[in-house]
Amino acid sequence: MIPQAFDYYAPTSVADALRLLRQHGDDAKLLAGGHSLLPIMKLRLSTPQCLIDLGRIAELRFIGEADDGSLAIGAMSTYHDIKNSALVQARVPALAEAAGEVGDVQVQNKGTIGGSLAHADPAGDFPALALALNFELVTATARSGRTIAIDRFFRDLLTTALRPNEILTEIHIPALPAGTGVSYQKLPNKASHYAVVGVAAAITVGDDGVCTEARIGVTGAGATAVRARNTERILKGKHIDAAVIRRAAKRAAANIEDLNDDLHASAEYREHLTTVFAARAIEEALSRAG
Amino acid sequence: MIAGQVSKLIGSRVKRKEDPRLITGEGKYTDDVILPGMAYFAVLRSPYAHARINSIDTSAAADHPDVLGVMTGAEINDRCSEPFPLFAILPGMQYPERWPMAATKANYVGEPIAAVAASSRAAARDALDLIEVDYDPLPVVTDMETAGDADTPVIFEEMGTNLCYEASDQAGDPDRAFAEADGVVEARMEQPRLIPNPMEPRAAVAEYERSSGNATLWVTTQNPHIERMVAAKMLGMPENKLRVIAIDVGGGFGCKINTYSESIIAVVLAQEIGRPVKWAEDRTEHFVATSHGRGQAQYVQAAYKKDGTLLGMKLKIYADLGAYAQVISHVIPTLTPSLAPGVYSCRDIGWTTIGVFTNKIPYDAYRGAGRPEAAYIIERVMDLIADATGKDPVAVRRKNFIPKDSFPYETPTGMIYDSADYDAALDKALDIAGYDDLRAEQKAARKDGKLMGIGVTVTTEVCGFGPAAAMGGLGGFESATVRVDPMGKVTVLTGASPHGQGEETSFAQIVADDLGVPFEDVEIIHGDTSIVARGVGTFGSRTLVVGGTAILKANEQIKEKATRIATALLENKLEDTLDPQLVTLEDGLFSVQDMPDQYVTWADVGSEAYDGQLLPPEEQPGLEAVSFWEPPGLTFPFSAHIAVVEIDQDTGEVSLKRYVSVDDCGTVINPTLVEGQIHGGLAQGIGQALLEQAVWDDEGQLVSGSLMDYAMPFAQEFPMFELDRTVTPSPVNPLGAKGIGEMATISATPTVANAVIDALSHLGVTHVDIPMTAERIWRVLQTHGRRRRGGRS
Ligand SMILES: Cc1cc2nc3c(=O)[nH]c(=O)nc-3n(C[C@H](O)[C@H](O)[C@H](O)COP(=O)(O)OP(=O)(O)OC[C@H]3O[C@@H](n4cnc5c(N)ncnc54)[C@H](O)[C@@H]3O)c2cc1C
């Protein structure tokens with residue numbers, strides 16, 4: 001459990017970090033909380049020549065409101081920050097709650113929202129919430145930067161739209177329309193507490209009780225977190241009752257091609273869990289939507 | 001001292017003496033040892049479960065600038081004069097020779113292949129990647145039930161079989177019992193292998209003095225004296241030239257009984273490079289480098305009468321020993337049939353125990369060692385009979401209990417149970433749990449379509465090991481030296497080697513009460529073979545029972561001599577001769593009968609013993625006594641446990657709602673320590689029931705090879721445990737103590753298993769294997785639906 005030797009840099013600004021990233025190219029890895037990266041380095045499955053630690057860059061660790069009214073969270077904000085932020089608790093309580101369910105206290109103290117999204121662990125909790133809450137990911141490169149819509153972010157197992165020369169700097173969570181409820185439900189892996197399967201639902205209900213918007217993010221089931229679009233379609237435009245939930249939840253795993261099948265759960269069980277937790281998340285989101 | 005008597009400290013919640021040291025970081029664990037010039041070593045391990053080693057090229061590693069020495073398996077083995085010794089060889093048993101490292105063939109993933117010493121831990125690790133080994137993979141044996149078949153590849157050609165032993169025996173007349181039965185229940189039960197995972201992984205530090213040939217080995221062991229015996233033998237050293245030190249050890253649970261290859265490698269490397277060396281296991285390494293526990297497949301048949309009487313049992317038990325037998329690991333499976341009758345008076349039992357070698361890391365003792373597997377069988381059998389007869393599991397147990405007036409009781413398998421009252425413990429547990437209300441609640445829950453289960457067990461186990469005959473050559477005694485110094489303070493050297501259990505505290509309580517000195521005046525020293533001459537160690541819940549009694553025996557000698565010295569002092573004071581019978585020790589004062597104000601203290605006696613002028617002419621100076629005590633028999637703690645679970649119908653997830661643990665370990669010296677042992681024991685037993693299992697693939701790779709994949713319970717998954725006890729002193733030692741290290745682990749697994757199966761019993765489910773993971777239960781629900789199909793009421 002000793003990583004291969006590496007050089008270590010601790011820049012204090014994004015600009016310096018980008019400079020180092022350009023200088024070291026493919027030999028470099030960005031270090032956030034280290035709770036995904038360091039374990040694989042200790043097993044020597046990843047052997048970067050140099051680590052650029054984002055931990056001392058104050059401008060990456062904040063929680064506030066952006067000009068457009070969205071909730072803005074710096075990439076280096078920890079689960080602990082998010083769980084305890086009055087702003088997050090007020091605007092998206094489900095995100096604060098989910099942060100408190102990640103791993104254990106040590107993981108929450110070190111792990112970051114940016115690291116979680118950039119690592120794109122197929123069993124990570126935040127990727128599901130990111131899809132349901134329609135995260136916008138703001139990045140910086142030495143030359144400029146861009147905003148990536150979450151729907152275009154998760155590409156494949158542990159692979160995202162981020163380029164090697166790009167730093168994820170902040171996450172914008174668009175203001176939720178009135179009448180929106182959010183919930184995240186998972187079966188924790190008893191060893192790590194990652195999600196065996198986790199489902200996040202954001203459901204908006206109009207004054208007439210009809211569902212106007214539904215975004216469902218599923219994690220743990222496949223190679224990446226994905227939206228359960230079939231489920232969303234069934235919910236939208238309907239008065240959601242128990243029968244609709246049942247029908248919608250049944251389709252939650254429909255668009256996941258290769259269901260994960262491993263020590264922790266068979267593909268068949270994961271498929272079933274996806275429907276169970278979809279129903280639970282929808283139910284709770286709905287109860288919060290009023 | 002009278003058994004069960006509560007005096008000043010015995011029975012009270014004295015805070016642990018060792019805690020301030022341990023929780024402020026002043027503990028002295030092996031990895032804390034730092035010696036001048038110390039180097040570090042790392043061990044290259046086989047990535048294959050079974051492979052021929054064609055060649056090893058260490059030249060690139062040797063060229064690494066920080067590397068001080070590289071040794072291959074063949075080179076290390078060459079420096080040993082003997083292979084690993086085995087104890088308690090069973091009749092007809094066959095086994096391979098085992099040397100510290102694999103030289104020509106690797107037989108499990110993780111078997112040591114080569115070792116590198118370097119000036120830093122990181123460099124030693126780096127250099128491992130520079131060693132090139134040419135392997136030829138061989139067919140792999142992983143399944144214990146087919147390992148002995150004729151068409152299964154043989155791991156050790158010289159043996160010609162993978163069978164270590166197959167032993168059949170019987171007590172009474174099982175065939176008759178089955179013939180007379182109203183019915184027979186049967187099941188195949190799995191005991192998955194478990195990975196011990198003590199908080200502190202293993203470590204070893206060795207220092208070698210070339211001028212004298214003396215070596216010192218700091219090592220994470222539960223039994224430094226056995227470690228010294230084994231390592232000295234293998235290294236061809238006299239025991240008095242090898243000092244083994246294990247002062248603070250962070251848990252063992254059995255996996256630190258064995259002397260491991262790294263101890264031998266450490267000493268050889270220290271000799272080779274002329275510098276002290278250290279090795280410390282990583283957590284990930286622990287999974288493949290430290291022996292596992294459990295690992296049985298059990299075929300159980302039980303004959304019963306309609307009234308719930310258990311008439312007889314037939315057992316066939318396969319035990320997965322892994323690639324080698326070690327110390328007495330091969331004996332552990334034989335404890336299972338021996339304890340299979342449990343707390344019941346069934347007399348007719350037949351059994352076959354089959355120990356096999358597979359391409360897995362060796363297995364060994366793990367908290368309970370052979371007894372949890374037995375308790376599981378019999379406590380599942382009781383519930384199977386309840387299912388078959390439609391009776392309440394409590395009633396079936398009561399019907400079969402060994403009556404309380406029959407102790408000492410010899411079981412058909414030859415165990416002599418010392419003392420017990422099972423009804424009393426069960427009554428208490430039922431009362432605390434509110435059993436009848438729970439059953440009513442369960443009925444209501446079922447009406448609402450909810451799955452709630454109640455599990456009940458009453459179990460016993462064997463501990464307090466010796467005498468020697470029960471130990472197969474490891475020794476059945478424990479030693480104690482009690483020393484009173486000129487200031488009247490007491491130092492105790494014990495051959496036991498507590499590593500978390502808290503005997504620095506309980507031993508000091510015993511001494512303080514027995515000698516009448518303040519608790520603070522007693523120091524307990526253990527874990528250094530050059531200070532404590534001989535000992536056996538801490539395992540099998542023997543430390544308090546055997547080690548504590550050894551201390552009492554040494555105290556007797558001390559008190560006698562001290563009283564003689566006190567008499568001389570008092571005679572001098574009173575200027576009169578005294579009948580020594582009239583001088584008594586009470587509350588730490590030696591006084592003359594009827595003259596309470598005429599007394600001398602331990603300090604008076606202590607200083608007189610060493611520097612005094614008044615010693616009677618026949619008395620030698622000094623105040624120190626050595627005792628070796630071997631128990632006449634074993635002890636049998638017992639318990640009645642009740643668990644309440646709920647099952648999530650949709651996911652199959654089990655949640656433990658309540659846990660009642662009534663345990664009887666005889667005299668309780670310190671309730672806090674006993675409860676600590678029970679809490680930890682329950683956690684491990686519940687973990688086994690619900691979560692833990694080592695999983696291999698067909699290539700013999702450990703798939704559950706890290707704590708991200710091998711689930712151990714978190715505290716948050718438990719309810720507050722509801723603890724109580726009964727006290728039935730043991731007649732086999734003057735303390736009346738029975739040992740509590742393993743009892744709760746042994747009981748918890750079948751209790752939780754019974755509760756989960758009880759929750760499903762109305763669906764016609766009679767057995768589910770452990771661990772009862774959410775998916776496994778979900779699958780049971782898939783096949784049994786949610787419809788009521790018989791089962792117990
Ligand atoms: C014991 C344990 C239990 C866990 N349990 C859970 C759980 O229950 N649920 C869960 O979701 N997760 C869990 N995790 C993972 C944890 O959430 C990780 O911390 C998280 O996924 C990664 O965040 P990090 O800040 O640690 O990132 P790091 O490990 O530092 O980095 C991860 C990857 O992201 C890249 N990266 C990091 N930040 C940026 C950035 N700003 N821009 C571009 N690239 C970046 C890094 O280069 C690296 O490749 C667990 C981890 C452990 C060790």
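Because the model is predicted, local features need pLDDT of at least 70 and side-chain atom pairs count only at pLDDT 80 or more, whereas totals for chains, interfaces and linings use all residues. Residues are numbered from 1 along each chain as its sequence is written, while chains are lettered from A and ligands numbered from 1 in the order in which they are written.

Chain A has 11 helices and 14 strands, where helices (H or I, at least four residues) and strands (E, at least two) are DSSP runs numbered from the N terminus. The radius of gyration of chain A is 19 Å, which agrees with the value near 19 Å that a compact globule of 290 residues would have; the radius is taken over C-alpha atoms, and the globule rule is 2.2 Å times the number of residues to the power 0.38. Of these 290 residues, 49% count as buried, a residue being buried if 20 or more other C-beta atoms lie within 10 Å of its own, exposed if 12 or fewer, and partly exposed in between, with C-beta atoms placed from the backbone.

The shell around the ligand draws at least two residues from each of several elements of chain A, among them strand 2 (28-31) and helix 2 (37-42), but helix 7 of chain A gives the most, with 5 residues. Of the 33 residues around the ligand, Gly33(A), His35(A), Gly103(A), Gly111(A) and Gly115(A) come nearest, where a residue is near a molecule or strand if its C-beta atom, placed from the backbone, lies within 6 Å of it. By class the shell has 15 nonpolar, 14 polar and 4 charged residues; Ala, Val, Leu, Ile, Met, Phe, Trp, Tyr, Cys and Pro count as nonpolar, Asp, Glu, Lys and Arg as charged, and the others, Gly among them, as polar.

Between the chains, 21 residues of chain B are in contact with 13 residues of chain A, two residues being in contact if their C-beta atoms, placed from the backbone, lie within 7 Å. On the side of chain B that touches chain A, helix 4 (121-128), helix 8 (283-289) and helix 19 (774-784) of chain B each supply at least two residues, and the residues of this side divide into 10 nonpolar, 3 polar and 8 charged.

Within chain B, 7 strands form an open sheet in the order 3-5-1-12-9-10-11, with mixed pairing; two strands pair if DSSP finds at least two bridges between them. Strand 3 (67-72) and strand 11 (242-245) of chain B stand at the edges with a single partner strand each, so one side of each is left without a neighbour in the sheet. Strand 9 (residues 203-209) and strand 10 (residues 214-219) of chain B pair in the antiparallel sense over 6 bridges, and Ala204(B) has Val219(B) in strand 10 as its bridge partner.

Elsewhere in chain B, Gln688(B) lies in helix 17 (residues 671-690) and is buried, because 30 other C-beta atoms lie within 10 Å. Not counting residues up to four places away in sequence, Gln688(B) touches Leu194(B), Thr749(B), Ile770(B) and Pro771(B). The peptide bond from Ile770(B) to Pro771(B) is cis, with omega near -5°, and Pro771(B) is found in the loop between helix 18 (743-760) and helix 19 of chain B.
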